[in-house]
Amino acid sequence: MTAAAHPASPSAKGGGRKKKSSLHKSIAHDLGVAIVTGRHQPGDILSTEIESSEQLSVSRSAYREAIRILTAKGLVESRQRTGTIVLPITRWAMLDPDVMAWMFEGGASESVLDGLFEMRLIIEPAMARLAAMRRTLDHIADMRKSLQTMERHTLATDEGQAANRRFYSIIVQATGNPPLVNLGNSLGTFVLWYTEFQGNSGSKPRDTIAEHWELFDAVAAGMVDEAGIAMEKLIRANQADFPERQNIAM
């Protein structure tokens, strides 16, 4: 294991001028981005608390709290007589909103995107089938309204993207399964960050209005198998976009 360099300083330095609550989050953010983008490799030992706090001109307590945040998210682990060690990606809480944001901020790797899409293909068609079994008239009305808004504004606008997220959220809620709702909300965070990442790359989102209506029709009609197939088709349409981008970090 090799010793890692000092973490990058928070984006808004200023030591005592910042409130502790925002300072430790800023430190955690910069360290988190450095880890998920590979600047700190698994097995690297971060600089000591004293060294890092002096380097960043922050209090030891602020730095210590930042490490606690990263530990809770599975990015690092503190060991006696060794120090704070960067953990492998298999230990990360990858669906944590902060971890996901850090991954996309630094340029999500193709392998990470592949893995997340693969997970979506396993889970979300099953969610769609369950939604087709349990949806209510209110769910159907809300989904239709969201799709009409999406169609009117298109997915190239903020309004259209907000309607898209609302449509997805309704399907998740329609499953009536609290653990799935929780997981679905996390997957929805991936959809949000993926869309923003795509926009930042200069690519326009694929027009998947037809696929959305196909999914809606199946769920609304209670066609269980067709709902699963339609969800898979929609996910694969989204997945087909990302290999074409040129700025994915490898």
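**Exercises: ring pairs and a cavity**

Trp 213 and Phe 216 both sit in helix H9, 3 residues apart, about one turn of the helix (helices are DSSP runs of H or I, at least four residues, numbered from the N terminus). This is a predicted model, where local features need pLDDT of at least 70 and side-chain atom pairs count only at pLDDT 80 or more, while totals for chains, interfaces and linings use all residues. Residues are numbered from 1 along each chain as its sequence is written, and side-chain values use heavy atoms, leaving out hydrogens and water.

**Exercise 1.** Work out how Phe 117 and Phe 190 are arranged.

Step one: get the rule. Rings of Phe, Tyr and Trp (its six-membered ring) pair if their centres lie within 6.5 Å; planes under 30 degrees apart are stacked, over 60 edge-to-face, the rest tilted.

Step two: apply it. With 5.4 Å centre to centre and 85 degrees between the planes, Phe 117 and Phe 190 are edge-to-face.

Phe 117 is in helix H5 and Phe 190 in helix H8, so the pair ties together parts 73 residues apart in sequence.

**Exercise 2.** Find out whether Phe 117 is buried or exposed.

Buried means under 20% relative accessible area, exposed over 50%, partly exposed in between (1.4 Å probe, protein chains only). Phe 117 has 0% relative accessibility, so Phe 117 counts as buried.

**Exercise 3.** Sort the lining of the largest cavity by residue type.

First, 20 residues line this cavity. Next, they split into 9 nonpolar, 7 polar and 4 charged (nonpolar: Ala, Val, Leu, Ile, Met, Phe, Trp, Tyr, Cys and Pro; charged: Asp, Glu, Lys and Arg; polar: the others, Gly among them). A cavity is a set of points on a 1 Å grid over the protein atoms alone where a 1.4 Å probe fits but cannot get out, and lining residues have an atom within 4 Å of a point.

Methods:
1 Å grid on protein atoms, 1.4 Å probe; cavity = no way out; pocket = protein on both sides within 12 Å on 5 of 7 lines; lining within 4 Å. Helix = DSSP H or I, 4+ residues; strand = E, 2+ residues; numbered from the N terminus.
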